[in-house]
Amino acid sequence: MMNSARDITGQDDAQAGDVRDLLQKILARLPHSFSLELFVREGEVESFAESTWEFLRLVNEAAPRIRIERLDLSGQRAGELGITRSPTLVFDTEVASIRWLGAPLGEEARAFVQALLMFGYRDSGLKEDSRPILERLEKSRQLMIFVSPTCPYCPQQAVNGIRAALARPDLVSLEIIDIQAFPDLAEEYKAFSVPMSFANRVLIAQGAQPEELFLTSVLNMEQAAYFIPETRSERMETDVVIIGGGPAGLTAGIYASRSGLKTVVVEKGQLGGQVATTPVVENYPGLTQIGGKSLVDIMVSHALEYVRILPDEEVLDIARGEPITVTTNRRTLTARAVILATGARYRQLNIPGEARLAGRGVSYCSTCDGPLFKGRSVLMVGGGDSAVTEALHLHQIGVQVTLVHRRAELRAQKHLVGSLQEQDIPVLYETVLEEIKGEDRVREAVVRDKAGGRTRSLPCDGVFIAIGYEPAVDLARKIGLELTPDGFIKRDARHRTNLPGIYSAGDVEGGYKQIVTAAGQGAEAAISVFEDLVSPYWSNQTKQTAPQVS
Ligand code: NAP
């Protein structure tokens, strides 16, 4: 427990005078004045309140531009600000909304002094890369960061919060809460390990984060695993452009960059592709069991060590030539080779009601929407690995799920079918879904029994559809790539397409559609690109424009 100002420095023999001199050195030249209001419960001796006030007096002696005021918790000002706890330190409300609940001493003194500097210079000190993240914030965030005076990692997170509140006073407010002073709040938020950060009462970070990750967590309201700096240039010269940021594209990016090629990955949708919405992955070597999103986070973080990623960016066209020109909705890239790793998207049943009720009970993603159906009954259509894995997932989270499959036998792997039986999940074999009904949301589904031809209506709250994927080949078609009869990109064993300099990788090529195979194909394609750029087959084969694709 902190009892006197000398505890601030952590040196037992430090005198208040030394602290004052130190503060004077740091704070002497602040260009702006500001106020600090300390709310305490007068009449009661509280060590946290008294040591905070003692510290504030030293601050004021060292830097008179910092005005301090001690106010009673029962007074009008406390009522106006809705302050109920002692001690609560309020930074100048004209500048930003920052409150410190507890004593800003011990390790926390570092963050506190930084806050004084930021207020005194009216500068949040945010890094260049971080600013655009906060600029994207549109809704308010009430941040709470739980800290402790004995936690050496806490000041970093507290400073992150202070910077955010200072940079966006219109939307961000901050409370830094000392768990030693207010164990009841720590108990309420289960903040038993500090620092722990909340936004609008939602946990957004455990532990201290780099500034960019903290701000991304604040923006997205969830713990961010990586940060992608914004790229503003309208023209970029590269060696390789990879289209698609799933396992194939990210792996290709890592391999191409590590071969010394300047590489950019462009992704228009969700990084990680379908893996990002896969509930659990149990067959990626080295990882016994991992959530799809966590696996994606690991892959993206790894790729970012090497490669520039352009998220939320769509490739509109590719013009062949030397160099190849890739036009996106944001810029023009030039490249010596392009890898299409555009993946595949959910296949649809194309039955009445499906499109109309999409998002209102019809779903293609059990990870995303499953929790909304807890305690309710749903159908899962399909008989492959996806349908069975997702049915198991829904069952596990408390959804009453029935599998509907058009044949008498499931296509899914044996062990998955075994788990389905073990869990007693009902399966309607040789059954076809014909219509999904409901005015405002899914209420029933019409199914036909193929053997008897009988049609009946099943009451349900949702219909999940997992019947495979359609390859994303619009761009491939547009630039004249040859496709297989199944509609996938046709390529040779080295992932070369029929057009020189254009390669493919991953689910867009068809095949097994496993994360590990997609990653393998990405690696192969990148190695192939490297070898071809060293010794271009298109120059060696005079006038022979493309390899034989299988
Ligand atoms: P899939 O293997 O192609 O299976 C699609 C399923 O949907 C089949 O059972 C198919 O029935 C059925 N289907 C297709 N069109 C239909 C329609 N119009 N009406 C009714 N049913 C229809 O697709 P997937 O299950 O999404 O798997 C894709 C790939 O990802 C596979 O290679 C799979 O192994 C892999 N994957 C692996 C895992 C894992 O290892 N944990 C998880 C998910 C996916 P039929 O059987 O009658 O053709």
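Before I continue, two remarks on conventions. This is a predicted model, in which local features need pLDDT of at least 70 and side-chain atom pairs count only at pLDDT 80 or more, while totals for chains, interfaces and linings use all residues. Residues are numbered from 1 along each chain as its sequence is written, and side-chain values use heavy atoms, with hydrogens and water left out.

As to confidence, pLDDT is the predictor's own estimate for each residue, from 0 to 100. The chain averages 92, and 95% of the residues score at least 70. Over residues 1–13, however, the pLDDT is below 50. Beyond near neighbours in sequence, that stretch has 28 contacts in the model, a contact meaning heavy atoms within 4.5 Å.

An N or O atom in the side chain of R406 is 3.0 Å from a ligand oxygen, and a backbone N or O atom of G384 lies 3.2 Å from an oxygen of the ligand. Taken alone, the ligand exposes 900 Å², of which the protein buries 78%; these accessible areas come from the Shrake-Rupley method with a 1.4 Å probe.

Which element gives the most to the shell around the ligand? Helix α12, residues 385–396, does, with three residues. Helices here are DSSP runs of H or I, at least four residues long, and strands are runs of E of at least two, numbered from the N terminus.

Now the domains, whose bounds come from an automatic or database domain assignment. The assignment gives domain 1 (5–220), domain 2 (235–345 + 470–542) and domain 3 (362–467). Domains 2 and 3 both give residues to the shell, so the ligand lies between them. The centres of domain 1 and domain 3, taken over C-alpha atoms, are separated by 52 Å.

Finally, I turn to K262, found in the loop between α9 (247–258) and β11 (263–266). Not counting residues up to four places away in sequence, K262 touches E237, T238, D239 and V240. The K262 side chain reaches the backbone oxygen of E237 at 2.9 Å. K262 and Y306 are 44 residues apart in sequence and 9.3 Å apart in space, C-alpha to C-alpha.

Conventions
Polar contact = N/O pair within 3.5 Å; in protein donor to acceptor, adjacent residues only side chain to side chain.
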